Amino acid sequence: MIFTCTLSPAIDYTVYTKEFEAGKLNRADQVHYFPGGKGINVSRILTRLHIENTALGFLGGFTGKFIKDFLKKEQVKQQFIEVESITRMNVKIKSNAETEINGNGPVITTDQQDKLFTQIEQLTSDDILVLAGSIPNTLPNNFYEKIASSCKERGAKLVVDTSQDALKEMIQFQPFLIKPNHHELGELFQTNIETAQDAVTYAKKLVDQGVQNVIVSMGGKGAIFINEKDVFEANIPKGTVKNTVGAGDSVVSGFLASYIQNADYKEAFQYGVAAGTATAFSEDLCTKEDLEAILKNVTILEKNF
Ligand SMILES: Nc1ncnc2c1ncn2[C@@H]1O[C@H](COP(=O)(O)OP(=O)(O)OP(=O)(O)O)[C@@H](O)[C@H]1O
Ligand SMILES: O=P(O)(O)OC[C@@]1(O)O[C@H](CO)[C@@H](O)[C@@H]1O
């Protein structure tokens, strides 16, 4: 079974406005309220792809209730731990450019933290844990490390989608999959990743350190995949980009959904990139139909390195 863990979920308050001007009164043409946070996005898509999974993490207040109810309606299985803090609202402004303002994470007491560790202790070698999103600054910096080491002890596969120090610290646990975007990969090595070749060069350093599979997503330029045996590059079709929030999470979901059914890295990579692209072309996260309509137009090239 796949478990996703979102320490700091959010309502993504998504506002479409023709021309956003900072320092002025702007009026929205359209607004949406979506449950968000990277692990929750992964769970929503896995559920749409008919892959059994359970969303873990912390929720609180009226915003937390909104997310719980929304997920229930979509039949996403959930075992969130309740906290007193109001779950954050992240503002996503879609205009001439995409602007995001993400809120602070919740306060999580040590009792509530322990409840999460108890859930992680139930994992077995048949399970996959997706650790996704930022660590709230109210938690110790080594929080993901504690979860990862418990997960590893139990033989569960670890998937990590986070950034900065939290990502750096996860490399030692040799995750099954990490999915940095090209900026996050660059941050790890204090460099700029401009091309697919740069992405391959630096992702290979992570494989050399024991990460089993690395996908580097590069926004509208597609993505690369690398493990000990293979390097693939995905080219994506052109289309109208509506919303890239959750596009990276869609890549993770699509990859896992396909991999657990077929155990084929190339197919899983193609399915993951199709999911990311389909989400970028949708207002909300992609559906299975959106994804499969795009699948054939995502081409995968085998590369040498
Ligand atoms: N402008 C775009 N046009 C087409 N596809 C896109 C675009 N942006 C993203 N995608 C698709 O989504 C995938 C993931 O995108 P990206 O690299 O932006 O992930 P990310 O930064 O992790 O996203 P997020 O954190 O918002 O979920 C890309 O590999 C691509 O398939
Ligand atoms: O603040 P974090 O945890 O880094 O990212 C949170 C977030 O921006 O990531 C998701 C998209 O990937 C959104 O649903 C959510 O608002």
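Helices (H or I, at least four residues) and strands (E, at least two) are DSSP runs, numbered from the N terminus. This is a predicted model: local features need pLDDT of at least 70, side-chain atom pairs count only at pLDDT 80 or more, and totals for chains, interfaces and linings use all residues. Residues are numbered from 1 along each chain as its sequence is written, while chains are lettered from A and ligands numbered from 1 in the order in which they are written. The protein chain is divided into domain 1 (1-21 + 28-174) and domain 2 (176-305); these bounds come from an automatic or database domain assignment.

**The two domains**

- The centres of domain 1 and domain 2, taken over C-alpha atoms, are 20 Å apart.
- Their contact takes 32 residues from domain 1 and 32 residues from domain 2. Two residues are in contact if their C-beta atoms, placed from the backbone, lie within 7 Å.
- On the domain 1 side, the elements that give two or more residues are β2, β3, α1, β6, β8 (128-132), β9 (157-161) and α5 (164-170).
- Helix α1 gives the most to that side, with 7 residues.
- By class, the domain 1 side has 16 nonpolar, 6 polar and 10 charged residues. Ala, Val, Leu, Ile, Met, Phe, Trp, Tyr, Cys and Pro count as nonpolar, Asp, Glu, Lys and Arg as charged, and the others, Gly among them, as polar.

**Ligand 1**

- Around ligand 1 there are 20 residues, and S217, G220, A247, G248 and G276 come nearest. A residue is near a molecule or strand if its C-beta atom, placed from the backbone, lies within 6 Å of it.
- Helices α8 and α9 (265-280) are the elements that give two or more residues to this shell.
- The shell around ligand 1 divides into 9 nonpolar, 10 polar and 1 charged residues.

**Ligand 2**

- Ligand 2 is surrounded by 15 residues, of which G36, N90, N102, G133 and S134 are the closest.
- Two or more residues of this shell come from each of β2 (10-16), α1 (38-48) and α8 (247-262).
- The shell around ligand 2 has 2 nonpolar, 10 polar and 3 charged residues.
- Domain 1 and domain 2 each supply at least three residues to the shell around ligand 2.

**A four-stranded sheet**

- An open sheet of 4 strands runs in the order β3-β2-β6-β7, with mixed pairing. Two strands pair if DSSP finds at least two bridges between them.
- The edge strands β3 (30-36) and β7 (98-101) each pair on one side only.
- Strands β2 and β6 (residues 88-94) pair in the parallel sense over 7 bridges.
- Y13 stands opposite V91 in β6.

**L46 in helix α1**

- L46 lies in helix α1.
- L46 counts as buried because it has 25 C-beta neighbours inside 10 Å. A residue is buried if 20 or more other C-beta atoms lie within 10 Å of its own, exposed if 12 or fewer, and partly exposed in between, with C-beta atoms placed from the backbone.
- Leaving aside neighbours within four places in sequence, L46 is in contact with I2, I51, N53, S253, L256 and A257.
- L46 and V252 are 206 residues apart in sequence, yet 9.5 Å apart in space, C-alpha to C-alpha.

- Most residues other than glycine have a negative phi.
- H50 is not a glycine, but has a positive phi of about 65°.
- H50 is found in the loop between α1 and β4 (53-59). H50 is exposed, because 9 other C-beta atoms lie within 10 Å.
- Q75 also is not a glycine, and its phi is positive, near 60°.
- Q75 sits in the loop between α2 (61-73) and β5 (77-82). Q75 counts as exposed, with 8 C-beta neighbours inside 10 Å.
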